[in-house]
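Me: Could you take me through this structure step by step? I would like to begin with its strands.

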Amino acid sequence: MSDAAQPTAAEVRASAEAVKAALDRHLAAVERRSGEDDPAVYEAFNELAAAAEEYDELLYDRYDEVTPFEIPGTEDALPYTGPEEPNALSVLIRRDYTVVEPQRLLAQAQRVEAVEESGAAAAGFDAASGTVHGALGVLFGEFEPDEIASRHKEFGLEEGDSTLWVTAADEPAEPGEWLEAPFEQADPHQVVCRFDVSAVFDDESETDLDDDIEDTAGPDPQLDEDEDLEPLDADR
(Lines give C-alpha, C1' and ligand atoms only; values in the text may rest on other atoms or scores of the structure.)
Protein backbone atom coordinates (compact mmCIF):
# COMPACT_ATOMS: atom_id res chain seq x y z
CA MET A 1 0.00 0.00 0.00
CA SER A 2 1.35 3.45 -0.89
CA ASP A 3 1.87 6.16 1.71
CA ALA A 4 -0.93 8.20 0.13
CA ALA A 5 -3.40 5.36 0.62
CA GLN A 6 -2.42 4.57 4.20
CA PRO A 7 -4.83 5.56 6.97
CA THR A 8 -3.73 8.40 9.19
CA ALA A 9 -2.79 7.99 12.83
CA ALA A 10 -5.97 9.89 13.73
CA GLU A 11 -8.09 7.41 11.79
CA VAL A 12 -6.49 4.50 13.60
CA ARG A 13 -7.06 6.22 16.95
CA ALA A 14 -10.71 6.92 16.06
CA SER A 15 -11.19 3.28 15.10
CA ALA A 16 -9.72 2.19 18.45
CA GLU A 17 -12.17 4.45 20.26
CA ALA A 18 -14.99 2.91 18.22
CA VAL A 19 -13.94 -0.53 19.44
CA LYS A 20 -14.00 0.67 23.05
CA ALA A 21 -17.48 2.11 22.58
CA ALA A 22 -18.69 -1.09 20.92
CA LEU A 23 -17.32 -3.10 23.86
CA ASP A 24 -19.28 -0.94 26.28
CA ARG A 25 -22.48 -1.34 24.23
CA HIS A 26 -22.02 -5.08 24.01
CA LEU A 27 -21.48 -5.44 27.76
CA ALA A 28 -24.50 -3.26 28.49
CA ALA A 29 -26.65 -5.36 26.13
CA VAL A 30 -25.47 -8.56 27.82
CA GLU A 31 -26.23 -7.15 31.26
CA ARG A 32 -29.76 -6.21 30.15
CA ARG A 33 -30.45 -9.33 28.08
CA SER A 34 -34.01 -10.61 28.22
CA GLY A 35 -33.19 -14.21 27.21
CA GLU A 36 -30.78 -16.45 25.37
CA ASP A 37 -31.81 -15.11 21.96
CA ASP A 38 -32.03 -11.41 22.81
CA PRO A 39 -31.72 -9.54 19.46
CA ALA A 40 -30.07 -6.56 21.20
CA VAL A 41 -27.15 -8.77 22.25
CA TYR A 42 -26.86 -10.16 18.74
CA GLU A 43 -26.86 -6.65 17.24
CA ALA A 44 -24.25 -5.43 19.73
CA PHE A 45 -22.12 -8.46 18.96
CA ASN A 46 -22.20 -7.72 15.23
CA GLU A 47 -21.30 -4.08 15.84
CA LEU A 48 -18.37 -5.10 18.02
CA ALA A 49 -17.18 -7.59 15.42
CA ALA A 50 -17.34 -4.98 12.64
CA ALA A 51 -15.55 -2.35 14.73
CA ALA A 52 -12.80 -4.79 15.73
CA GLU A 53 -12.30 -5.93 12.14
CA GLU A 54 -12.00 -2.34 10.88
CA TYR A 55 -9.53 -1.47 13.63
CA ASP A 56 -7.43 -4.53 12.88
CA GLU A 57 -7.24 -3.60 9.19
CA LEU A 58 -6.36 0.05 9.85
CA LEU A 59 -3.76 -0.92 12.46
CA TYR A 60 -2.10 -3.27 10.01
CA ASP A 61 -2.21 -0.81 7.10
CA ARG A 62 -0.73 2.01 9.19
CA TYR A 63 1.69 0.22 11.54
CA ASP A 64 2.01 -3.31 10.16
CA GLU A 65 0.62 -4.65 13.44
CA VAL A 66 -2.36 -6.85 14.31
CA THR A 67 -4.60 -7.20 17.34
CA PRO A 68 -4.11 -10.16 19.72
CA PHE A 69 -7.76 -11.16 19.56
CA GLU A 70 -10.18 -12.32 16.92
CA ILE A 71 -13.96 -11.97 17.02
CA PRO A 72 -15.77 -14.42 14.73
CA GLY A 73 -17.86 -12.91 11.98
CA THR A 74 -21.62 -13.08 11.78
CA GLU A 75 -21.49 -16.19 9.59
CA ASP A 76 -20.00 -18.09 12.55
CA ALA A 77 -22.49 -16.70 15.04
CA LEU A 78 -25.92 -17.14 13.50
CA PRO A 79 -28.61 -16.87 16.18
CA TYR A 80 -30.78 -19.90 16.83
CA THR A 81 -34.39 -19.17 15.92
CA GLY A 82 -35.81 -22.69 16.09
CA PRO A 83 -38.22 -24.07 18.70
CA GLU A 84 -37.08 -24.01 22.32
CA GLU A 85 -38.32 -27.57 22.83
CA PRO A 86 -37.96 -29.35 19.47
CA ASN A 87 -40.37 -32.19 18.76
CA ALA A 88 -38.42 -33.37 15.72
CA LEU A 89 -34.83 -33.40 14.52
CA SER A 90 -33.10 -33.69 11.16
CA VAL A 91 -29.50 -34.84 10.92
CA LEU A 92 -27.76 -33.56 7.79
CA ILE A 93 -24.42 -35.14 6.91
CA ARG A 94 -22.00 -34.41 4.11
CA ARG A 95 -18.70 -36.26 3.69
CA ASP A 96 -16.35 -35.66 0.77
CA TYR A 97 -13.96 -38.29 -0.55
CA THR A 98 -11.34 -38.54 -3.28
CA VAL A 99 -10.86 -41.79 -5.18
CA VAL A 100 -7.11 -42.29 -4.79
CA GLU A 101 -6.84 -46.04 -5.50
CA PRO A 102 -9.36 -47.02 -8.18
CA GLN A 103 -8.05 -50.60 -8.40
CA ARG A 104 -8.62 -51.14 -4.68
CA LEU A 105 -12.13 -49.72 -5.03
CA LEU A 106 -12.90 -52.04 -7.95
CA ALA A 107 -11.49 -55.08 -6.16
CA GLN A 108 -13.66 -54.44 -3.12
CA ALA A 109 -16.78 -54.10 -5.26
CA GLN A 110 -16.00 -57.36 -7.03
CA ARG A 111 -15.67 -59.15 -3.70
CA VAL A 112 -19.07 -57.86 -2.63
CA GLU A 113 -20.66 -59.09 -5.84
CA ALA A 114 -18.97 -62.49 -5.49
CA VAL A 115 -20.66 -63.27 -2.16
CA GLU A 116 -24.19 -62.33 -3.18
CA GLU A 117 -26.21 -65.51 -2.87
CA SER A 118 -28.73 -64.93 -5.62
CA GLY A 119 -26.41 -63.08 -8.01
CA ALA A 120 -29.08 -60.43 -8.50
CA ALA A 121 -26.82 -57.63 -7.34
CA ALA A 122 -24.03 -58.84 -9.57
CA ALA A 123 -26.37 -58.94 -12.54
CA GLY A 124 -27.61 -55.45 -11.75
CA PHE A 125 -24.09 -54.02 -11.86
CA ASP A 126 -22.70 -56.36 -14.50
CA ALA A 127 -22.13 -53.70 -17.13
CA ALA A 128 -20.65 -51.19 -14.67
CA SER A 129 -18.85 -53.43 -12.17
CA GLY A 130 -15.55 -52.66 -13.87
CA THR A 131 -16.01 -48.89 -13.57
CA VAL A 132 -15.52 -46.55 -10.63
CA HIS A 133 -19.13 -45.40 -10.96
CA GLY A 134 -20.41 -48.96 -10.75
CA ALA A 135 -18.06 -49.90 -7.91
CA LEU A 136 -19.25 -46.96 -5.83
CA GLY A 137 -22.84 -48.05 -6.34
CA VAL A 138 -22.00 -51.57 -5.18
CA LEU A 139 -20.08 -50.50 -2.08
CA PHE A 140 -22.46 -47.81 -0.88
CA GLY A 141 -25.31 -50.23 -1.46
CA GLU A 142 -23.63 -52.86 0.69
CA PHE A 143 -22.09 -50.82 3.52
CA GLU A 144 -23.54 -48.16 5.79
CA PRO A 145 -22.08 -44.64 5.32
CA ASP A 146 -20.50 -44.79 8.80
CA GLU A 147 -18.73 -48.03 7.89
CA ILE A 148 -17.48 -46.46 4.67
CA ALA A 149 -16.14 -43.55 6.74
CA SER A 150 -14.32 -45.81 9.20
CA ARG A 151 -12.90 -48.08 6.47
CA HIS A 152 -12.43 -45.56 3.67
CA LYS A 153 -8.76 -46.48 3.12
CA GLU A 154 -9.74 -50.10 2.46
CA PHE A 155 -12.00 -48.85 -0.33
CA GLY A 156 -9.31 -46.73 -1.97
CA LEU A 157 -10.81 -43.45 -0.75
CA GLU A 158 -9.26 -40.42 0.92
CA GLU A 159 -11.29 -38.27 3.30
CA GLY A 160 -12.00 -34.63 2.54
CA ASP A 161 -14.12 -32.13 4.43
CA SER A 162 -17.15 -33.32 6.38
CA THR A 163 -19.93 -31.67 8.34
CA LEU A 164 -22.86 -32.79 10.46
CA TRP A 165 -25.81 -30.53 11.26
CA VAL A 166 -28.52 -31.30 13.78
CA THR A 167 -31.51 -29.08 13.00
CA ALA A 168 -34.68 -28.68 15.06
CA ALA A 169 -38.31 -28.58 14.01
CA ASP A 170 -41.70 -28.31 15.67
CA GLU A 171 -43.15 -31.26 13.77
CA PRO A 172 -41.67 -34.15 11.81
CA ALA A 173 -41.86 -33.97 8.02
CA GLU A 174 -44.48 -35.93 6.15
CA PRO A 175 -43.26 -39.17 4.55
CA GLY A 176 -41.61 -38.42 1.23
CA GLU A 177 -41.97 -34.66 1.70
CA TRP A 178 -38.33 -33.71 1.20
CA LEU A 179 -36.88 -36.66 -0.72
CA GLU A 180 -36.61 -34.83 -4.04
CA ALA A 181 -34.46 -32.06 -2.51
CA PRO A 182 -33.24 -33.34 0.88
CA PHE A 183 -30.91 -30.43 1.69
CA GLU A 184 -32.81 -27.55 0.12
CA GLN A 185 -34.73 -26.57 3.25
CA ALA A 186 -31.79 -26.66 5.67
CA ASP A 187 -31.98 -23.49 7.78
CA PRO A 188 -28.71 -22.50 9.52
CA HIS A 189 -30.75 -20.58 12.11
CA GLN A 190 -32.35 -23.83 13.26
CA VAL A 191 -29.09 -25.71 13.82
CA VAL A 192 -28.96 -27.06 17.35
CA CYS A 193 -25.33 -28.14 16.97
CA ARG A 194 -22.89 -28.85 14.17
CA PHE A 195 -19.55 -30.58 13.81
CA ASP A 196 -17.13 -29.66 11.04
CA VAL A 197 -13.95 -31.47 10.00
CA SER A 198 -11.60 -29.84 7.50
CA ALA A 199 -7.92 -29.62 6.70
CA VAL A 200 -8.17 -25.83 7.05
CA PHE A 201 -8.48 -26.30 10.81
CA ASP A 202 -5.13 -28.09 11.06
CA ASP A 203 -2.26 -26.19 12.64
CA GLU A 204 0.57 -25.33 10.30
CA SER A 205 2.97 -27.38 12.39
CA GLU A 206 0.76 -30.45 12.12
CA THR A 207 0.53 -29.96 8.37
CA ASP A 208 4.32 -29.76 8.09
CA LEU A 209 4.65 -32.93 10.15
CA ASP A 210 2.16 -34.74 7.94
CA ASP A 211 4.10 -33.63 4.86
CA ASP A 212 7.33 -34.98 6.32
CA ILE A 213 5.68 -38.32 7.03
CA GLU A 214 4.25 -38.52 3.52
CA ASP A 215 7.63 -37.69 2.00
CA THR A 216 9.33 -40.54 3.83
CA ALA A 217 6.58 -43.09 3.34
CA GLY A 218 6.90 -45.60 0.52
CA PRO A 219 4.21 -46.35 -2.05
CA ASP A 220 1.18 -48.30 -0.92
CA PRO A 221 1.43 -52.00 -1.68
CA GLN A 222 -0.92 -53.32 -4.32
CA LEU A 223 -4.11 -54.81 -3.04
CA ASP A 224 -3.70 -58.47 -2.13
CA GLU A 225 -6.74 -60.68 -2.41
CA ASP A 226 -7.25 -60.80 1.37
CA GLU A 227 -5.39 -57.63 2.42
CA ASP A 228 -7.18 -55.21 4.77
CA LEU A 229 -10.51 -56.90 4.15
CA GLU A 230 -12.98 -58.10 6.71
CA PRO A 231 -15.05 -61.18 5.87
CA LEU A 232 -18.33 -60.31 4.21
CA ASP A 233 -21.55 -61.73 5.57
CA ALA A 234 -23.42 -63.33 2.72
CA ASP A 235 -26.67 -63.05 4.65
CA ARG A 236 -26.36 -59.26 5.12
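**Strands and cores**

Reply: In this predicted model, strand S2 (residues 157-169) and S3 run antiparallel and are joined by six bridges. Strands are DSSP runs (E, at least two residues), helices likewise (H or I, at least four), numbered from the N terminus. Two strands pair if DSSP finds at least two bridges between them.

Me: Which residue stands opposite Asp 196 in S3?

Reply: Thr 163 does.

Me: What is the order of the strands in the sheet?

Reply: The order is S1-S2-S3, in an open sheet of three strands with antiparallel pairing. Strand S1 (88-99) and strand S3 (191-197) are the edge strands, each pairing on one side only.

Me: Changing topic, how many residues make up the largest nonpolar core?

Reply: It has 11 residues, among them Leu 105, Ala 109, Phe 143 and Leu 157. Such a core is a set of buried Ala, Val, Leu, Ile, Met, Phe, Trp, Tyr and Cys residues joined through side-chain atoms within 4.5 Å. Buried means under 20% relative accessible area, exposed over 50%, partly exposed in between (1.4 Å probe, protein chains only).

Me: Which helix gives the most to this core?

Reply: H3 does, with four residues. Helix H3 (102-114) and helix H5 (132-142) each supply at least two.

Me: And what does Ala 109 touch?

Reply: Leaving out residues up to four places away in sequence, Ala 109 touches Ala 135, Val 138 and Leu 139. Contact means heavy atoms within 4.5 Å.

Me: How should I read the numbering and values?

Reply: Residues are numbered from 1 along each chain as its sequence is written, and side-chain values use heavy atoms, without hydrogens and water. Local features need pLDDT of at least 70, and side-chain atom pairs count only at pLDDT 80 or more, while totals for chains, interfaces and linings use all residues.
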